[in-house]
There are 2 protein chains.
Amino acid sequence: MVVESLEDLRKSIDNIDNAIVAMLAERFKVTNRVGYLKASHGLPAKDGDREALQHARIQELSRQYGLDPELASCVLDQVISKVVVNHEQIAKAI
Amino acid sequence: MVVESLEDLRKSIDNIDNAIVAMLAERFKVTNRVGYLKASHGLPAKDGDREALQHARIQELSRQYGLDPELASCVLDQVISKVVVNHEQIAKAI
């Protein structure tokens, strides 16, 4: 049996959070490129069909990984809401 | 100039989401270990001081990475709320 301290575990949590922040930053870099592409083709900022597919995919993946699918969907909702605001701002600026 | 298609960009977003789901799943594995450790030492499920430090750290990191610090904090809030519920359930079960 491996004995772990609270400090050790919290360091692992912080390391994982670093990775999540990096992934989210990269995700917004990519979605901003999507925003410019959509705006330049007159496509709407929000795409309900794509969002439904993303939620279904993330929920299925969460079940495979042992992550609460509802939590994953809530996080995705928050991220997508911010993405849509960014896309609307990009469309106005072009 | 590199021409990117919406399909290409969406594949990158999906890849990043896979990584985020994997990181979140791993994060809950670690926080569950924290939950058992806390419960076995009679420590409370919620730790306001630790949460304040986490928010400050994540916001600073977000600024460095060009991620909206408010979005990062909202995601952290959602995750921590679920962690606290899990810790309370672990304490009851022990």
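Author: In this predicted model, α1(B) meets α3(B) through B:Thr31, B:Asn32, B:Gly35, B:Tyr36, B:Lys38 and B:Ala39. On the α3(B) side the partners are B:Val83, B:Asn86, B:His87, B:Ile90 and B:Ala91. By class, this contact of α1(B) with α3(B) holds five nonpolar residues, five polar and one charged. The axes of the two helices are 9 Å apart, and the packing angle is about 45°. At that angle α1(B) and α3(B) are therefore oblique to each other. The crossing of α1(B) past α3(B) is right-handed.

Chain A has a contact between its own α1 and α3. There the axes of α1(A) and α3(A) come within 9 Å and cross at roughly 45°, so α1(A) and α3(A) are oblique to each other. α1(A) passes α3(A) in a right-handed crossing. From α1(A) the contact takes A:Thr31, A:Asn32, A:Gly35, A:Tyr36, A:Lys38 and A:Ala39, and from α3(A) it takes A:Val83, A:Asn86, A:His87, A:Ile90 and A:Ala91. Five of the residues in the contact of α1(A) with α3(A) are nonpolar, five are polar and one is charged.

Back in chain B, α3(B) also packs with α2(B). Helix α2 of chain B covers residues 48–65 and helix α3 of chain B covers residues 69–93; their axes come within 8 Å and cross at roughly 145°. The crossing of α2(B) past α3(B) is right-handed. α2(B) brings B:Glu51, B:Gln54, B:His55, B:Ile58, B:Gln59, B:Ser62 and B:Arg63 to the contact, while α3(B) brings B:Pro69, B:Ala72, B:Ser73, B:Leu76 and B:Ile80. Sorted by class, the contact of α2(B) with α3(B) has five nonpolar, five polar and two charged residues.

The loop between α2 and α3 of chain B holds B:Asp68. B:Asp68 counts as partly exposed because it has 17 C-beta neighbours inside 10 Å. Not counting residues up to four places away in sequence, B:Asp68 touches A:Lys82 and B:Ser62. B:Asp68 and B:Val21 are 47 residues apart in sequence, and their C-alpha atoms are 20 Å apart in space.

In helix α1 of chain B lies B:Arg10. B:Arg10 has 17 other C-beta atoms within 10 Å, so B:Arg10 is partly exposed. Its C-alpha atom is separated by 37 Å from that of B:Lys46, which is 36 residues away along the chain.

Now the two chains together. Contact between them involves 38 residues of chain A and 38 residues of chain B. On the side of chain A that touches chain B, α1 (6–40), α2 (48–65) and α3 (69–93) of chain A each supply at least two residues. α1(A) gives the most, with 23 residues. By class, this side of chain A has 23 nonpolar, six polar and nine charged residues.

The largest nonpolar core has 28 residues. Those with the most contacts inside this core are A:Ile20, A:Leu24, A:Ala72, B:Ile20, B:Leu24 and B:Ala72. α1 and α3 of chain A, together with α1 (6–40) and α3 of chain B, each supply at least two residues of the core. Leaving aside neighbours within four places in sequence, A:Ile20 is in contact with B:Ile20 and B:Met23. B:Ala72, named among the core residues, is also one of the α3(B) residues that meet α2(B).

Definitions and conventions
Residues are numbered from 1 along each chain as its sequence is written. Chains are lettered from A and ligands numbered from 1 in the order in which they are written. This is a predicted model: local features need pLDDT of at least 70, side-chain atom pairs count only at pLDDT 80 or more; totals for chains, interfaces and linings use all residues. Axes are lines fitted to C-alpha atoms, for helices over the stretch in contact, and angles run from 0 to 180 degrees between N-to-C directions. Helices (H or I, at least four residues) and strands (E, at least two) are DSSP runs, numbered from the N terminus. A crossing is left-handed if the near helix is turned anticlockwise from the far one by less than a right angle, and right-handed if clockwise. Two residues are in contact if their C-beta atoms, placed from the backbone, lie within 7 Å. Ala, Val, Leu, Ile, Met, Phe, Trp, Tyr, Cys and Pro count as nonpolar, Asp, Glu, Lys and Arg as charged, and the others, Gly among them, as polar. A nonpolar core is a set of buried Ala, Val, Leu, Ile, Met, Phe, Trp, Tyr and Cys residues joined through C-beta atoms within 7 Å. A residue is buried if 20 or more other C-beta atoms lie within 10 Å of its own, exposed if 12 or fewer, and partly exposed in between; C-beta atoms are placed from the backbone. Angles under 35 degrees count as roughly parallel, over 145 as roughly antiparallel, 65 to 115 as roughly perpendicular and the rest as oblique.
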